Amino acid sequence: MTEPRRLGRDADPAGELSATVYLRFKEIFGGERISRDRKRRERSAEGPQDSVPYGVGRDPKGLGTVIDSLTAGLGWNSPLAQHEVLGNWAELCGEDTARYSEPVSIADGVLIVQCQSTAWATQLRHMRHEILVRIAERYPDAGVDTIRFQGPGAPSWKRGPRSIPGRGPRDTYG
């Protein structure tokens, strides 16, 4: 199959995503089309013992089981677990702590958490091991190895588009 066309600035990211998902499904579930005659011949070759009512494999499966097997087959367990960690931050660290901190992202096994103050960032650094243990117990597929707690950013002393690099504001009183 050919790659989807790109139309410059008018490229359709949803179209590219759907093409990628289609190719992944085709890879997993097989790309060849089987004719109806071939299916009929294969079924008749299996024999009547496979079509016994209430036989093995004939019971309906729950929706959760089907979705779990689909996500495992597509390799989505890790990204889903990572999003669950981000979404359930209050359960992992507590409601009070979650008011003053917010998980930002997970990249290369590092969970980045933005804190409202440097005091909260320091306190959470002391709790890092406990939080990592909770994440590993509840979401083992997330792949979180460490946590980086960041305090609020320092103000920038750069003023205007034509500023030059320098030492920043200095004492000019004499």
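**Figure 1. Packing of helix H8 in the predicted model.** The buried residues of helix H8 (residues 128-138) pack against H4, helix H5 (89-93), S2, H7 and S3, where contact means heavy atoms within 4.5 Å. Helices (DSSP runs of H or I, at least four residues) and strands (runs of E, at least two) are numbered from the N terminus. The buried residues of H8 are Ile131, Leu132 and Ile135. Seen down the axis of H8, these residues fall within an arc of 100 degrees, so they line one face of the helix; the arc is that of the directions from the helix axis to the C-beta atoms. On the other side of H8, His129 and Glu137 are exposed. Buried means under 20% relative accessible area, exposed over 50%, and partly exposed in between, with a 1.4 Å probe and protein chains only. In an α-helix there are 3.6 residues a turn, so residues three or four places apart point the same way. The structure is a predicted model, in which local features need pLDDT of at least 70 and side-chain atom pairs count only at pLDDT 80 or more, while totals for chains, interfaces and linings use all residues. Residues are numbered from 1 along each chain as its sequence is written, and side-chain values use heavy atoms, with hydrogens and water left out.

**Figure 2. The three-stranded sheet.** Three strands form an open sheet in the order S1-S2-S3, with mixed pairing; two strands pair if DSSP finds at least two bridges between them. Strand S1 (101-107) and strand S3 (146-150) stand at the edges with a single partner strand each, so one side of each is left without a neighbour in the sheet. From one strand to the next, the twist averages 25 degrees. S1 and strand S2 (residues 110-115) run antiparallel and are joined by six bridges, whereas S2 and S3 pair in the parallel sense over five bridges. Ser101 has Cys115 as its bridge partner in S2, and Ile106 has Leu111. In S3, the bridge partner of Val110 is Thr146. The hairpin of S1 and S2 has two residues between the strands, and Asp108 takes a positive phi near 55 degrees there.

**Figure 3. Helices lying across the sheet.** Helix H4 (residues 77-87) lies across S1 and S2, running at about 165 degrees to S1. Helix H7 (residues 118-126) lies across S1, S2 and S3 and runs at about 165 degrees to S3. Axes are lines fitted to C-alpha atoms, for helices over the stretch in contact, and angles run from 0 to 180 degrees between N-to-C directions.

Figure 4. S2 is mostly covered, with five of its six residues buried. Val113 is found in this strand and counts as buried, at 0% relative accessibility. Not counting residues up to four places away in sequence, Val113 touches residues including Trp89, Ser101, Val104, Ile147 and Phe149. The C-alpha atoms of Val113 and Trp89 are separated by 9.9 Å, although these residues lie 24 residues apart along the chain.

**Figure 5. Cys93 and Cys115.** A search of the whole structure finds zero disulfides, a disulfide being a pair of cysteine sulfur atoms within 2.5 Å. For Cys93, the nearest cysteine sulfur is that of Cys115, 9.3 Å away. Cys93 is buried, with a relative accessible area of 6%. Cys115 is also buried, with a relative accessible area of 3%.
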